[in-house]
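Please read the points below with the structure open beside you, and look up each residue as its name comes up. The note begins with the whole chain and then turns to particular places within it.

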Amino acid sequence: MKKLSDNWISEGWIDFEYKKYLLLAYLKEVEQDFGDAKLYPPLADLIKHYKRLKELEQHKDGLRDSFPKRVVGIDYKNIRLHKENMADEGEIMQALDEIIAFSIPIFRRKIDQGKSIYDFIEENLEVEPVGLSPLYQREGYVFITLEKSADVFIYGYQVKLFENSFEKYRGIAFSFLRKETRTLAHTYAQIKMGLIRSNQQLPNPATWRVHSSNTVPLEESLLPVSKRILLRMIA
């Protein structure tokens, strides 16, 4: 997917029609991805741009101080320079107002569309333990399966604690191990036993099966949604 630059509003020519063209070209590609039920990275990208637009909307007045200025005189009494904006502040601010007012509701609608797809995928997921569940759930395995497919995508998972300046939060990481085929003679329980034999550091691993009743893209949709729903269940 073609991405929209993080600085798309300030880069290049600050003109409403030009920025509108850039935005609509980007959203056309987002629409194509959503049509294919591909949630990521488009949804996260939309949310990022929306948040930046809201911040820009709230702090537009501070932008005036960033316009390039030139010295036009000296105040000898107070020992300071008189400066004026080199750019046409009025025209630029008017263009920014138009761009922001046009863009925010469009981003909001696209985010809502992405969330509807997310909710649809999540509502059609079944999550169940494979075998007995141990008390220790922070590490284990995940089997991802799709309707009308015998493929079993096997991932190791780890729940991790992340910390920044403001908060601590949990995240979950998946690592792809291999793909196997389920048959009447090769069940989920037997696949789990094979994992135990190959990794004796987890003699009784937490193992989950996440099954989608719809065929959706694995990397772009099913995995990210599976991570969130599994983290919620474990937590």
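1. Of the 235 residues of the protein, 38% count as buried, and it should be kept in mind throughout that this is a predicted model. The protein exposes about 14500 Å² in total, and carbon and sulfur atoms supply 52% of that area.

2. Among the contacts in the protein with a separation of 6 or more, 65% are accounted for by residues 24 or more positions apart.

3. The next point concerns a pair of helices. Two packed helices are described by the angle between their axes and the distance between the axes. Helix 1 and helix 2 pack at an angle of about 145°, and their axes are 10 Å apart, while the crossing that they form is left-handed. On the side of helix 1 the residues that meet the partner are Tyr26, Leu27, Val30, Asp33 and Phe34, and on the side of helix 2 they are Pro42, Leu43, Asp45, Leu46 and His49.

4. Which residues make the nonpolar surface patch of about 410 Å²? The patch is made by Trp13, Tyr18 and Tyr21. Tyr18 belongs to helix 1, which covers residues 16–35, and Tyr18 counts as partly exposed because its relative accessibility is 32%, a value that falls between the limits of 20% for buried and 50% for exposed.

5. Charged pairs deserve a separate look. Side chains of opposite charge can pair when their charged atoms come close, and a search of the whole structure finds 10 salt bridges. One of them joins Arg52 to Asp6, with the closest N and O atoms 3.5 Å apart. This pair links distant parts of the chain, since Arg52 sits in helix 2 (residues 42–58) and Asp6 in the segment before helix 1, 46 residues apart. Both partners are partly exposed, Arg52 at 37% relative accessibility and Asp6 with a relative accessible area of 38%. Arg52 and Asp6 are also linked with Asp45 and Lys48 in a network of salt bridges.

6. A second salt bridge, between Lys54 and Glu57, has its closest N and O atoms 3.3 Å apart. Here both residues lie in helix 2, 3 residues apart, which is about one turn of the helix. Lys54 is partly exposed, with a relative accessible area of 28%, and Glu57 is partly exposed as well, with 35%.

7. The side chains of Glu128 and Arg209 also meet in a salt bridge, at 2.9 Å from N to O. Glu128 lies in strand 3 (residues 125–129) and Arg209 in strand 7 (residues 206–212), so the pair ties together parts that are 81 residues apart in sequence. Are these two partners buried or exposed, or partly exposed? Glu128 is partly exposed, with a relative accessible area of 35%, whereas Arg209 counts as buried because its relative accessibility is 13%.

8. Glu122 counts as buried because its relative accessibility is 18%, which is under the limit of 20%. If residues up to four places away in sequence are not counted, Glu122 touches Val225, Ile229 and Arg232.

Key. Residues numbered from 1 in each chain as written. Predicted model: local features only at pLDDT ≥ 70, side-chain atom pairs only at ≥ 80, totals over all residues. Heavy atoms only, no water. Patch = residues over 30% accessible without salt bridge, like charges linked within 9 Å, V, L, I, M, F, W, Y side chains within 5 Å. Areas by Shrake-Rupley, 256 points an atom, 1.4 Å probe, with all protein chains shown as cover. Salt bridge = Lys/Arg side-chain N within 4 Å of Asp/Glu carboxyl O. Helix = DSSP H or I, 4+ residues; strand = E, 2+ residues; numbered from the N terminus. Buried < 20%, exposed > 50% of the residue type's maximum accessible area, 1.4 Å probe, protein only. Axes fitted to C-alpha atoms, helices over the stretch in contact; angles between N-to-C directions. Left-handed = near helix turned anticlockwise from the far one by under 90°. Contact = heavy atoms within 4.5 Å.
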